[in-house]
Amino acid sequence: MTEAVIISSARTPFARAFSGALAKATEFDLAKAAVAAALTRSGVDAADVDNIMLGEVYQGGGCIARYAALDLGLSPEVPGVAIGGFCTSGMMAIHHAVAAIRSGMHRCVVAGGVSSVSRSQFVTPSFLQTGILEQECSPSHPNAGASPAMDLVLTLGEGTAKLFNLVREDIDEWAYRAHRLAASAIDDGLFDIEKVAVEVESTEAFDDELPHRGLSLEFFQSMDSFMGPGCTVTVGNQTALTDGAAAMVLCDLEFARSRGAPVLAEVIGWSCTAAEPDAATMAAVTASRRALEVAGLGLDEVDLFEVQDSYASIGVAFERALELDRDKINVYGGGLALGHPYAGSGTRVAGTLINALQRRGGGYGLAAIIGAGGVATAIVLDVRASV
């Protein structure tokens, strides 16, 4: 089978839902911005695109990818595919693109994900008028004791902490590090190469909005838990609701060479698996091990890791289960501090991993993300040095 390579990556800024700079942008606006930038950066002709595959979560059905294909003026023969896997959707889209390329079905695919939480089914007329949230979205799993379908704080955040015997001190230390690193990376312009500006009502949005700045570890430790004494999740150690999109252009290696496209990374391993809803982090550990088996690598050969730590407990558990060096994980802060536009994060973690490794001269990287319902995906990349 032919090699599947990534030749470009782009994402919008990640902004606070409801009140942030992207709150008035539609999911179509966000998808168009990310996909258009990825295509421009790839240097390939739009006529060469065989398909667009975009993850989407809670956007009311339809197919944002097909809309984007038509809106961007691609060939009407480009179908567009909606990928649904809750928070893993953006990485699942990459998986599907790799499979299509390696099988010979496609030669050039745009893959990514988009979520406008501000405009999702969470936002009902009642919420806009009263601030009272009426849940209209589909549940990720059947209610089951400690894993309520509509309470991911309890199912994922607290569920992970209990499964791995984590205490608040462990979790708050991770959160403090995440916000400090992300704020520093933003200030140093390290994410600028990833992002594309989005025009919203004649104003350009470019800045990531979420990291908590200037807070001490003691401040994180002083925050009240959502569920009272003995529980671990606070507003400081979980991520915030976020709007955003991310996209990549993938193709077979021969195609990339024929177009003179710079190869950012080769996808050499991938896996998707699942566990009980409150054990989703263990599924991410399993998916990571399986992806490394496909790649023919050991954990000690991986230079950097990027895990979507929507709850700080996920990051700590992932680190401990795989016995990783913390200095190799989420070196720019991670999703806890950057935000989590559900379907966009799986693509974002891969893009940030490429960014960080290229700045270090290339190497092997592993990215992983868990989703509601207990699903998890992982991907292993052989990242080239920047050219």
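View 1. Strands β1 and β8 (residues 242–252) run antiparallel and share seven bridges. Strands here are DSSP E runs of at least two residues, numbered from the N terminus, and two strands pair if DSSP finds at least two bridges between them. A4 has D252 of β8 as its bridge partner. Two bridges join β1 to β9 (residues 265–274), also antiparallel. There, V5 bridges to E266. Eight of the eight residues of β1 (residues 4–11) are buried, so the rest of the structure largely encloses the strand. Buried means under 20% relative accessible area, exposed over 50%, partly exposed in between (1.4 Å probe, protein chains only).

The model is predicted: local features need pLDDT of at least 70, side-chain atom pairs count only at pLDDT 80 or more, and totals for chains, interfaces and linings use all residues. Residues are numbered from 1 along each chain as its sequence is written, and side-chain values use heavy atoms, without hydrogens and water.

**View 2. D309 is buried without a salt bridge.** D309 sits in the loop between β10 (304–307) and α10 (312–321). The nearest side chain of opposite charge, R348, is 5.7 Å away; a salt bridge needs a Lys or Arg side-chain nitrogen within 4 Å of an Asp or Glu carboxyl oxygen. A polar side-chain atom of D309 lies 3.1 Å from the backbone nitrogen of G335.

**View 3. Y58 and F86 meet edge-to-face.** Their ring centres are 6.0 Å apart, with planes at 70°. Rings of Phe, Tyr and Trp (its six-membered ring) pair if their centres lie within 6.5 Å; planes under 30 degrees apart count as stacked, over 60 as edge-to-face and the rest as tilted. Y58 is buried at 16% relative accessibility, whereas F86 is partly exposed at 22%. Y58, F86 and Y342 form one aromatic cluster.

Methods:
Helix = DSSP H or I, 4+ residues; strand = E, 2+ residues; numbered from the N terminus. Lys, Arg positive; Asp, Glu negative; His and termini not counted. Polar contact = N/O pair within 3.5 Å; in protein donor to acceptor, adjacent residues only side chain to side chain.
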